[in-house]
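Please examine the structure shown below.

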Amino acid sequence: MIISIQHLCKYYQVHQKEAGLVGSLKSLVNRKYHDVKAVDDLSFTIDAGEIVGFLGPNGAGKTTTLKVLSGLLYPTSGKVSVLGFTPSERRVEFLKNITLVMGQKQQLNWDLPAMETFLVNAAIYELPEKQFRQTLDELTELLGLAPLLKKRVRKLSLGERMKCELAAALLHRPKVLFLDEPTIGLDVTMQTSVRQFIADYNRRHRATIILTSHYMADVTALCKRVIVIDHGKLLYDGDLHALAERISPHKLIRVQLAHSLNGQRLEDYGEIVKTRGQRVEFLVPRDATSQAAARMLSELPVADVTIEEPAIEDVITRVFEEAARARAERGEAEENEDWEE
Amino acid sequence: MRYLRLLTIFYKYSIISELEYRVEFLANVFMSVFWLAWAIVSVAIFFLHTDEIGDWTWPEVLMVVALFTLFSGVMEALLRPNVGAVLDQVRDGTFDFVLTKPVNAQFIASLRNIVVWRLSDVVIGLGLIAYALAQMHIVPTVGQVALFALMLLAATAIVYSLWLMMVSLAFWFVKLDNFTELFYGFYEAGRYPVTIYRGFARALLTFVVPIAFVTTFPASALLGRIDQPMTLLGLAFAIGLFILSNRFWTFAVGHYSSASS
Amino acid sequence: MFRKYIALLRLGIAAMFEYRASMLIWMLINVMPLVMLAVWFSMAEGGPVAGYTQSDFVSYYLLLAFVQQMTTVWVIYELDYEIRHGDLSIKLLHPLNPLHDYLSTNLADKILRPFALIPLAVAAWLIFPTIHYHLTPLRVALFVVALAAAWFIRFMSQYIFGLLAFWVSDSMTLNDIWFAFTEMLGGMIAPLDLFPPQVAAVANWLPFRFMLAFPVEIVSGRLTSQDLAAGAAAMLFWVVLAFVVYRWVWRRGIRQFSAFGA
């Protein structure tokens with residue numbers, strides 16, 4: 001067990017102010033605070049070598065959790081342990097074995113070639129010369145850095161810069177990686193190569209990786225396990241496909257019709273999701289998939305058919321919709337209590 | 001008239017947004033007063049050991065200090081915010097938007113932004129001038145006040161022109177983001193009456209970077225120390241510099257438009 | 001630690017080279033010592049002012065300009081920006097106190113600066129052949145130590161004001177006030193012995209003197225051995241205090257930052 005979070009809570013106190021001049025004056029005299037629960041009673045454990053995806057809408061608490069795990073934020077309550085250390089103590093040995101990559105922030109010196117920053121990091125992390133060279137060669141190969149290292153960072157494109165940032169973050173061969181939106185702003189090819197790189201790195205070094213991303217492709221490509229957070233609370237922790245099956249016990253059947261129908265009704269075969277010309281998409285209950293497909297093939301003028309899992313995005317969206325509904329119901333119940341008092 | 005209305009609009013919103021930060025506004029005004037007190041104390045230390053600096057007495061020197069403060073206010077309130085803006089725009093390439101507006105580009109570029117609280121320096125400077133005159137029991141004649149106002153105008157024109165030329169240089173020296181600070185180096189020399197400098201230095205500060213006209217000459221006008229040739233020289237300088245800066249600006253913009261893609 | 005500083009300094013110097021033109025400008029606009037010199041020089045035309053001849057003033061202010069150049073600090077702008085924009089987080093992820101990063105950036109500048117200052121110093125010596133200093137091996141050694149101490153106190157005090165950004169939004173204003181006092185009581189407006197005696201007596205013990213004037217006073221020949229000893233003791237006190245206060249503020253600041261984050 002490399003990472004362990006038990007009942008983590010991170011609350012912020014925010015003061016409220018009513019709009020307008022009267023509100024300003026009021027808030028001068030009497031400040032009302034209320035708690036924003038960025039993370040609310042979160043618990044999970046992660047073993048060595050796992051790649052776990054953190055999913056959640058904006059403001060769900062993902063970045064906050066990563067910052068707590070890397071020692072940048074102190075928890076309001078709860079126990080956090082990474083590699084046996086308490087992150088908030090910021091021990092040197094702890095920092096030498098983790099890395100946090102935040103998509104928007106960069107550590108490379110802007111005016112100089114990336115290589116210069118690498119050399120400084122080698123000194124800061126006290127890397128033996130041989131190990132540093134080895135790691136650098138490996139990273140250069142995996143990320144295709146060779147033409148980039150001598151160019152000034154401000155002359156690099158966004159994708160090239162991201163790759164160099166990744167390399168800088170991994171020079172010290174951390175055992176634990178926290179990647180916050182690592183592919184944001186990159187074009188499709190670059191995203192694929194970064195994904196490839198992460199998978200390779202994990203395989204080679206048995207590194208433990210927590211990854212947040214808005215691109216489901218990142219998650220489906222890399223993560224067997226996902227932790228879903230919404231409004232600071234844990235919604236789901238487990239296998240990604242199991243989640244898909246649980247939430248959406250359907251499969252998608254895409255059919256291409258050879259010619260128009262002779263009076264058959266498409267609705268009889270399944271829930272129609274989309275039609276475009278001669279293409280139709282059906283949602284069919286999982287256990288009835290083969291039956292439905294067989295019926296379609298025999299009764300409809302089918303030119304082509306594919307059977308797929310529904311899009312993960314839709315699955316996840318549904319998870320959040322259900323959570324929102326549950327919250328609303330709870331909220332209504334609370335309102336009623338107040339009223340009764 | 002349209003330009004006057006535009007100016008009012010530009011400034012109205014700057015003022016409103018600054019008043020939003022009331023505490024900061026007060027803190028800033030406090031700092032104005034603090035720096036003035038600092039300047040006065042500095043001069044007081046000089047006068048512990050002498051009765052005159054460069055032939056100017058204590059209240060007279062105070063007037064130069066006051067003008068130094070006044071024009072600092074003018075620069076910080078009206079000019080510096082715009083230089084930064086133009087530099088950024090040239091760097092980002094958004095300066096083209098300024099050029100395509102149906103308003104004179106020089107007008108927008110140089111007067112768009114204002115930092116209102118800095119004008120407190122202008123008020124404080126004028127207050128100190130009044131105090132200094134009172135100390136000397138001098139009541140300037142109408143003529144002297146008129147001359148003073150004229151010299152102030154000339155000085156403002158000179159300062160504006162120098163800044164405009166620096167802004168124009170931005171089109172070539174985009175990377176050098178601190179070259180406007182060079183001006184402050186010269187301006188520092190105008191803290192005290194220019195008569196303290198001898199020979200080469202004084203010539204430099206009178207004819208090359210005419211700081212003398214900014215802080216010393218208006219004070220001279222009010223004190224009746226200035227003679228006609230000098231007055232005319234000052235005015236000629238102001239007008240000449242204004243025209244020159246406008247020419248240079250036009251040239252710079254032309255170069256920018258033809259060079260960029 | 002040594003290896004880290006070498007690496008950081010290499011980076012700092014390389015980065016400085018990218019900005020050598022800007023650097024030159026920052027150096028050249030430091031004209032205040034020259035303006036003050038002009039004032040006192042003109043005042044001393046008819047004879048010495050409180051024991052200072054024109055030549056004395058020239059010697060004082062040229063060396064003060066040199067000390068000023070060798071002790072300039074601008075860390076508060078970097079620190080304030082990085083704290084407010086959360087960029088400090090990146091530095092906090094490294095197993096090294098961010099102080100070293102900022103220190104080495106400034107040190108890199110100080111390593112390069114003498115190269116630009118030497119031609120100016122030579123020019124000054126040629127223009128003013130009457131400048132004179134009281135140079136003994138001991139005083140020169142003490143001068144170097146005092147110069148380093150001045151730099152350290154200036155750096156630390158600005159750094160501490162920068163750290164105040166963890167709590168208040170007006171830390172730069174506070175630093176401006178501190179800077180104003182340094183110019184006043186640090187020997188810029190006038191050598192400290194030209195102040196009224198009661199003021200000078202107090203100013204002799206305040207940190208500002210040791211941030212600017214003290215190194216110059218050491219070689220100016222006006223301090224007795226007793227004065228030097230007393231000054232050195234006070235200088236040491238302020239160096240230690242600067243460090244202690246920094247530690248105290250940093251510990252609290254980092255807790256504050258980590259409670260609220262960015």
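## Model and conventions

This is a predicted model, in which local features need pLDDT of at least 70 and side-chain atom pairs count only at pLDDT 80 or more, while totals for chains, interfaces and linings use all residues. Residues are numbered from 1 along each chain as its sequence is written, and chains are lettered from A and ligands numbered from 1 in the order in which they are written.

## Contacts between chains

Two pairs of chains touch, and the pair with the most contacts is B and C; a contact requires C-beta atoms, placed from the backbone, within 7 Å. Here, 26 residues of chain B are in contact with 26 residues of chain C. On the chain B side, helix H2 (22–47) and helix H8 (181–188) are the elements that give two or more residues. The largest share, eight residues, comes from H2(B). Helices (H or I, at least four residues) and strands (E, at least two) are DSSP runs, numbered from the N terminus.

By residue class, this side of chain B comprises 17 nonpolar, six polar and three charged residues. Ala, Val, Leu, Ile, Met, Phe, Trp, Tyr, Cys and Pro count as nonpolar, Asp, Glu, Lys and Arg as charged, and the others, Gly among them, as polar. No contact joins chain A and chain B, and their closest C-alpha atoms lie 11 Å apart.

## Domains and sheet of chain A

Chain A is divided into domain 1 (3–244) and domain 2 (249–309), with bounds from an automatic or database domain assignment. The centres of the two domains, taken over C-alpha atoms, are separated by 43 Å.

An open, mixed sheet of six strands in chain A has the order S5-S6-S7-S3-S8-S9, where pairing requires at least two DSSP bridges. Strands S5 (98–102) and S9 (233–239) of chain A form the edges, each pairing on one side only. Strand S8 (residues 225–230) of chain A runs antiparallel to S9(A) and is joined to S9(A) by six bridges. Within this pairing, Ile227(A) has Asp237(A) in S9(A) as its bridge partner.

## Helix H4 of chain C

Helix H4 (residues 54–70) of chain C has 17 residues, so at 1.5 Å a residue it should span 24 Å, in agreement with the 24 Å between its end C-alpha atoms. The expected span is 1.5 Å times one less than the number of residues.

H4(C) is mostly covered, with 13 of its 17 residues buried. A residue is buried if 20 or more other C-beta atoms, placed from the backbone, lie within 10 Å of its own.

Methods:
A residue is buried if 20 or more other C-beta atoms lie within 10 Å of its own, exposed if 12 or fewer, and partly exposed in between; C-beta atoms are placed from the backbone.
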